[in-house]
Amino acid sequence: MGQINVENPFIFEALQWFSKKTKDIFLLLDKKGIIKYANSAFETCIQIPNSDIENSLLFDFIHPDDVKNTVEKLLFMNPDQQFIPFTSRLKQKNGTYSSILWTSCEYTEEGSIKLICHPLKDIIDSRDSISIGWRSTFFDLTDTAADIVDVDGKVILVNRAFEELYGWTQDELTGKRLPIVPQHLEFEFQNVMQRLLQGEKLIKLQTVRQRRDGTLIPINLMITPVYNETCEISALLGVTENISELMEYKMLVKLQNETLEAEERLLLDITKNISEVICLFDIKKDKFLYVSPSIEKSWGIKLEDIYENPLCFEDKFDTDASNNLIEIFRSTSGISQALEFNLTDKDSGQTRWIRAEITPITDKDGTVTRHISIFKDVTELKEKTNQIKQLDQLGVIGQLAAGIAHEIRNPLTSIKGFVQLLAEETNHQFGEIITSEIERIEFIMNEFLILAKPQREIVFKKENVNTVVQEVISFMRPEAVLNNVEFVTKFNSFPFVNCEAKQIKQVIINLIKNAIEAMPRGGKLHIHTLSTEEGFVMIKVRDEGIGISKEHLQRLSEPFFTNKEKGTGLGLMISNKIIEDHKGSIEFFSELGKGTTVEIRLPLATDIGK
Ligand code: ADP
Ligand code: MG
């Protein structure tokens, strides 16, 4: 105790007196466990004179079974962690042992070890008359809740930290079973006893204890045995570590992880299922920091491949496309750009149009270090635009054809005249045939001209639906014959409607064309007109073709909906529009493999639209 240096000269004497008087044992060891100082309580406990104690190894006085645990706890303590009380057996001169409780262990800067421990024999012997007065001051100094119970589980001693944690006092507990053990966990004690009897020196449990106010707390419980002179277990030391905060923290972490996971999953789901490809590229590292999983589906590139080698698309796409991509990924220009290019797959030859938006990310100094790019596959959009352009072209060609038809019609008229003249003069039998064939050409030319001429103003006129339909049928007959399709017609009488005949013709042409196309091996095409009770005329077009599936039925009026290689998907859309303009309706009924029926209803003419 020489290092105590205080101004009052009597303090040293006072401490010496205290260390002699107290039953608590003070020890000072060196790093290796050699005893450098022991107070008289130690001497009393092991009944060996102090002179024989100093400079001997502490562990020579410890029961061989307890040496390992004691060395670990005292010599290799983690100084950052709280010291946890435990028990060992001390050898006495007469060969018997007595249990002591270690309650404090501190390492000094010079490398020595300061220890405090307490003989348990007296405490256990006088368990029934125990009171706070018996409690060692130093046992109370530790912040760890500790209790000593006898082999029946009845309380001998608890410390101050125990009282604070659980809310019961020593006086209330002495000689009673521990009320901190919830009823459903009472079996634990028997288990612990059994394990100690089998020779275990330290038992660790994670369990739950109850406070006086009824709240339950999760704890780590460490139990070491206390022995009597004959080395029988006479009591148990239990040390409690309250882990509610730790558990709460763990729960929080778990909860947070779960939310994170959910968010990550959501993000992953989104990035997997969008059609856009999103990339974050680091220019310095020349690597992707992030690529959305959608790249696998959209571009047919494996995620791990592109992370490993950002230029792996060179193997996949043709040179132009790859160069475009390389340029984008390595671009250091600080401006956001949007560009469009095509990617042609080397293997399949398939080309897709990609629209890219590149947003640079700069560091503090304004240098572009990374950029985010979003790639959108615009192939379908492109195709549609092209289709519309093509249709525009068709319009131009149509106009051209109309002009040519007009030019043909004039010489045709004179040819017809001359043929008739010639036929009269020569009385040749072919005259009539030639004339009738020329008339047929004229008819087709006229029909064609009506349809092809650009529409100026829509004029509604009262028309006989039968005539309109019949004219279309004769116009379409050659096409039908060519495809082995036979018209079956049935006309109702006087179905007059107010309409623009040319437009209605266009609708019927569309329907007949679709019907013919639906019967690649030919068949019957039924066309009926009939008046309905509600003041409508119905035109029914029924084929025996391939039919239309339920999902496709709903999409018929969508523009560009087609499943034909050369289809435009515009026919029915235009037809719908025309019938709508006529305040009528158009309905489709179909069964796959059996055929399709189209019903057009047009309001019967009143006298107004004459
Ligand atoms: P297109 O004929 O150019 O494909 P339409 O608008 O005329 O465009 O028709 C759209 C689609 O509707 C067709 O591609 C076809 O799949 C389906 N369809 C229309 N009419 C019939 C029919 N009579 N039988 C079977 N399928 C049809
Ligand atoms: Mg069509």
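Predicted model: local features only at pLDDT ≥ 70, side-chain atom pairs only at ≥ 80, totals over all residues.
Q: How many helices and strands does the protein chain have?
A: The protein chain has 20 helices and 22 strands. These are DSSP runs numbered from the N terminus, with helices being H or I of at least four residues and strands E of at least two.

Q: What does the C-alpha trace span along its principal axes?
A: The trace spans about 165 × 60 × 45 Å. The radius of gyration is 51 Å, whereas a compact globule of 610 residues would have one near 25 Å. That radius is taken over C-alpha atoms, and the globule rule is 2.2 Å times the number of residues to the power 0.38.

Q: What share of the residues is buried?
A: Buried residues make up 40% of the 610. Buried means under 20% relative accessible area, exposed over 50%, and partly exposed in between, with a 1.4 Å probe and protein chains only.

Q: Turning to helix 14, which of its residues are buried?
A: They are A321, S322, L325, I326, I328 and F329. Seen down the axis of helix 14, these residues fall within an arc of 165°, so they line one face of the helix. The arc is that of the directions from the helix axis to the C-beta atoms.

Q: And which exposed residues are on the face turned away?
A: That face of helix 14 carries T319, D320 and E327.

Q: Where is D345, and is it buried or exposed?
A: D345 is in the loop between strand 13 (337-344) and strand 14 (351-362). D345 is buried, with a relative accessible area of 7%.

Q: What does D345 touch?
A: Not counting residues up to four places away in sequence, D345 touches K316, F317, Q350 and R352; contact means heavy atoms within 4.5 Å. A polar atom of the D345 side chain also lies 3.0 Å from the backbone nitrogen of D347.

Q: What about I508: which residues does it touch?
A: I508, in helix 18 (residues 501-518), touches V469, V472 and I539, with residues up to four places away in sequence not counted. I508 is buried, with a relative accessible area of 0%.

Conventions:
Residues numbered from 1 in each chain as written. Chains lettered and ligands numbered in written order. Heavy atoms only, no water. Polar contact = N/O pair within 3.5 Å; in protein donor to acceptor, adjacent residues only side chain to side chain.
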